[in-house]
Amino acid sequence: MESRLSILPAFLVFVLLVSCEQPREHTAPAIHERDSVSMMTTYGVNTLISDSGVIKYRIVTERWDVNTIKQPSRWTFERGVFLEQFDEKFHIEGYIFADTAWYYDQLKLWELRGRVRIRNVNGLVFRSEELFWDGLKHEFYSHKYSRVVTPERELEGTFFRSDEHMRYYEVTNSVGSFQSEDLEPEQDEPAQDQKNTPADTVSQEKSIRPAAVRHKATTKPVQP
């Protein structure tokens, strides 16, 4: 009987220690990668963008993420984007479509990927899987296969560059089909006269991108 009584205090101490122990929650470790979180996410966007007080663009997208933590900071359009471009009188100058896009706001640089399509007011249609739009230099460029179709000609090549209105452009390493008058000089003007070059032509006067290898365009028809 005495042995049982001597065990009882020890048992009571064990029970008290177990009852005082705080329950533990099984939680996952905290995520500290702040740059992976957007500060703003907007769905179903249809908005106008102004520049210096003048409306320049319309953005239509299913999802718009803004992240100012990543370097460089960016807007992300993972579900596609449709852009309309306006002139100073609010007339539509053209549109741009891409499956995925990023806009680096500090650099004023658009990066378009996937099915990239452009159409301007002159009927030019541009197709590629990549396009960069530099807002500081006011130009487009692409390092991937690109195709340009106008009412007069079709061109394709591995490098493309133009002004942001798609009036002056060049395609290197290109093949295409032309109308015969595009290859023959005017009788009233010397062949070497380059001052009156039409706006919608393939520029071959100088290398805009020194690293690009230039090739002479041929008259081989484009395969469908």
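Which residues is Q85 in contact with, leaving aside its neighbours within four places in sequence? Q85 touches K56, Y57, H91, I92, E93, G94, W133, E164 and H165. Contact means heavy atoms within 4.5 Å.

## Basis of the model

This is a predicted model: local features need pLDDT of at least 70, side-chain atom pairs count only at pLDDT 80 or more, and totals for chains, interfaces and linings use all residues. Residues are numbered from 1 along each chain as its sequence is written, and side-chain values use heavy atoms, with hydrogens and water left out.

## Overall fold

The protein has two helices and 14 strands. Helices (H or I, at least four residues) and strands (E, at least two) are DSSP runs, numbered from the N terminus. Of the 224 residues, 31% count as buried. Buried means under 20% relative accessible area, exposed over 50%, and partly exposed in between (1.4 Å probe, protein chains only). Among contacts between residues at least 6 apart in sequence, 40% join residues at least 24 apart.

Q85 is found in strand 4. Q85 counts as buried because its relative accessibility is 11%.

S73 sits in the loop between strand 2 and strand 3 (74-77). Its relative accessible area is 2%, so S73 is buried. The side chains of S73 and D105 are joined by a polar contact of 2.7 Å. A polar contact is a pair of N or O atoms within 3.5 Å; within protein, one must be able to donate a hydrogen and the other to accept it, and residues adjacent in sequence count only if both atoms are side-chain atoms. Not counting residues up to four places away in sequence, S73 touches N67, T68, Y103, Y104, D105 and Q106.

## The second largest pocket

The second largest pocket holds about 510 Å³ of space. It is lined by 21 residues, and D51, K56, Y57, Y103 and W133 are the closest to its centre. On a 1 Å grid over the protein atoms alone, a pocket is an open set of points where a 1.4 Å probe fits, with protein on both sides within 12 Å along at least five of seven lines; lining residues have an atom within 4 Å of a point. Grid points are joined across faces, edges and corners, and a volume is the space filled by probe spheres set on the points.

Strand 1 (40-51), strand 2 (54-67) and strand 4 (81-86) each supply at least two lining residues. The lining divides into 10 nonpolar, five polar and six charged residues. Here Ala, Val, Leu, Ile, Met, Phe, Trp, Tyr, Cys and Pro count as nonpolar, Asp, Glu, Lys and Arg as charged, and the others, Gly among them, as polar.

Strand 9 pairs with strand 8 (residues 125-134) in the antiparallel sense over three bridges. Two strands pair if DSSP finds at least two bridges between them. E139 is the bridge partner of D134. The hairpin of strand 8 and strand 9 has four residues between the strands, and H138 takes a positive phi near 55 degrees there. Four bridges also join strand 9 to strand 12 (residues 159-163), again antiparallel. On that side, E139 has D163 as its bridge partner.

## S142

S142 lies in strand 9. S142 is buried because its relative accessible area is 0%. Its side chain reaches the backbone nitrogen of K144 at 3.3 Å. The C-alpha atoms of S142 and F132 are separated by 6.2 Å, with the two residues 10 apart along the chain.
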